[in-house]
Amino acid sequence: MMGVVVVGSANMDVVARVPRIPGPGETLLARSFSRGGGGKGANQAVAAARAGGVETAFVGALGSDGDGQSLRESLTGSGVDMSVVAQSGEPTGTALISVADDGENAIVVVGGANADFTALDARQQQVIGAADVLLAQLEIDADVVLAAAQARREGAVFVLNAAPSQPLSEAMWAQLDVLVVNEHEAADLAVALGAPDRELDGAVDLLAGRVGSLVVTLGGEGSLVVEGGERTRVPAVPVTPVDTTGAGDTFVGVLGARLALGDSLVEAARWGSVAAALAVQRPGAQDGVPSAAEVRTAYTSGQN
Ligand code: ATP
C-alpha cells in the first residue's frame, strides 16, 4: 500500500537574479545564480513525503542527464519513492527564471521529459493502483492525469490541483474527489462552465456543484474549504513572505499527506496552511518545503 502517489512534472529551476527583466535583444549581467528542484508534481511529492508518516511515490519522467540524476537523488533524499519514474530521451524539464530587483519575474519553461510523458506503463499503473490518495496537477498531459485517475483503486481519493489553469474535460470532472484551485483558476473554470463573470462567490458555488469537495486557496488570505454545501474559512498564518514560490505546492502536498493519514479536508487544509506559511519564509520551491518536525512545532504553537 502506498499512502500518496503524485503524478506530475519535475523541473530543474535555473534562477538568475537580474537588475531588471531584459528587453528583446538585450544582454544583462546577472547579480547571482542558483539552481533548485521545481515542477509542481515533484514539489508536491516532496511536500507530501516531508509531511511525515505517509509513504509517497512520484510518477513522472526525467531526462537521462545530470539534472535528471540530481532531481532523482534529491527527491529520494526527501523520502520520495522514485522507482517508477520514466527515463525519457528528452532533456529533464527546465524552468529558466529571471527575477528582477523589484520582484518581477520572467519564466521560460522547457517541457522536455514532462512533455514526452504521454502514457503510463504497467509498473506506474500498479503503483497508482495501490495509492490511498492520488495527487495530480496539469503541468503534464491531461490524458495521463485522467488515465491515472482511472487506474486508482476503489475508495482511493483523487485530488486534482488544476494548475496551470485550463478547462477540464467532462471525463475529468467525473473522476474528481477533491479539486484544489487558487482564485484565478477558480474563476477560469467557472467562466468555462458558463459563469457570467469572475466573481469568487459565484465561482465557488458553481464549482462546488460539480465536485464533492473543493478547496480555493487565497494566498495570504488563507483558503476556503467547501464540502457538502458547507463553507469553512481556513486562515493563513500571518508571516512576512520572502519567496512565495512553491507555497501552493507545499499546501497541496501536505493536504494530500494529511488526507492519507485520515484527517478531514478542513483539518488537512489547516496543516497545509501551516506548512505553506513556513515555505513562503524561505527561497526556492523544493528547497523551501519545511520538515515534518518544523510543521508539527508550528502547528502545535498555533493551537495554543
Ligand atoms: P503559488 O504562488 O505557489 O502558485 P498558489 O496561487 O497555487 O501558489 P496560494 O493561494 O498563493 O496558492 O497559496 C496557497 C496557500 O499557501 C494559501 O492558502 C495559504 O495558506 C498559504 N500562503 C500563501 N501565501 C501566503 C502568505 N503570504 N502568508 C501566509 N500563508 C500564505
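Helices (H or I, at least four residues) and strands (E, at least two) are DSSP runs, numbered from the N terminus. Axes are lines fitted to C-alpha atoms, for helices over the stretch in contact, and angles run from 0 to 180 degrees between N-to-C directions; contact itself means heavy atoms within 4.5 Å. The model is predicted, so local features need pLDDT of at least 70 and side-chain atom pairs count only at pLDDT 80 or more, while totals for chains, interfaces and linings use all residues. Residues are numbered from 1 along each chain as its sequence is written, and side-chain values use heavy atoms, with hydrogens and water left out.

The description begins with the sheets. Strands of a sheet pair through backbone hydrogen bonds, either parallel or antiparallel. Here two strands are said to pair if DSSP finds at least two bridges between them. Nine strands form an open sheet with mixed pairing, in the order 6-4-1-10-11-12-13-14-15. At its edges are strand 6 (80-81) and strand 15 (230-234), each of which pairs on one side only. Within this sheet, strand 11 (residues 157-161) and strand 12 (residues 178-182) are parallel and share three bridges. Asn 161 has Val 180 of strand 12 as its bridge partner.

Two helices may be followed against this sheet. Helix 6 (residues 183-192) packs on it and touches strand 12 and strand 13 (213-217), with a direction about 115 degrees from that of strand 12. Helix 8 lies across strand 1 (2-7), strand 10 (131-137), strand 11, strand 12, strand 13 and strand 14 (223-227), and runs at about 165 degrees to strand 10.

The loop between strand 11 and helix 5 (170-175) contains Pro 164. The peptide bond that joins Ala 163 and Pro 164 is cis, with omega about -5 degrees.

A further open sheet has four strands in the order 3-2-8-9, again with mixed pairing. Strand 3 (32-38) and strand 9 (105-110) are at the edges with a single partner strand each, so one side of each has no neighbour in the sheet. From one strand to the next, the twist averages 15 degrees. Strand 2 (residues 11-18) and strand 3 run antiparallel and are joined by seven bridges, and Val 15 stands opposite Ser 34 in strand 3. Helix 2 (residues 66-77) lies across strand 2 and strand 3, at about 105 degrees to strand 2.

The ligand is surrounded by 18 residues, the closest being Asn 182, Thr 217, Gly 219, Gly 222 and Gly 248; a residue is near a molecule if one of its heavy atoms lies within 4 Å of it. Of the shell residues, eight are nonpolar (Ala, Val, Leu, Ile, Met, Phe, Trp, Tyr, Cys and Pro), ten are polar (those in neither other class, Gly among them) and none is charged (Asp, Glu, Lys and Arg). Helix 8 provides the largest share of the shell, three residues. Oxygen atoms of the ligand lie 2.8 Å from a polar side-chain atom of Thr 217 and 2.9 Å from an N or O atom in the side chain of Asn 182.

Key
A polar contact is a pair of N or O atoms within 3.5 Å; within protein, one must be able to donate a hydrogen and the other to accept it, and residues adjacent in sequence count only if both atoms are side-chain atoms.
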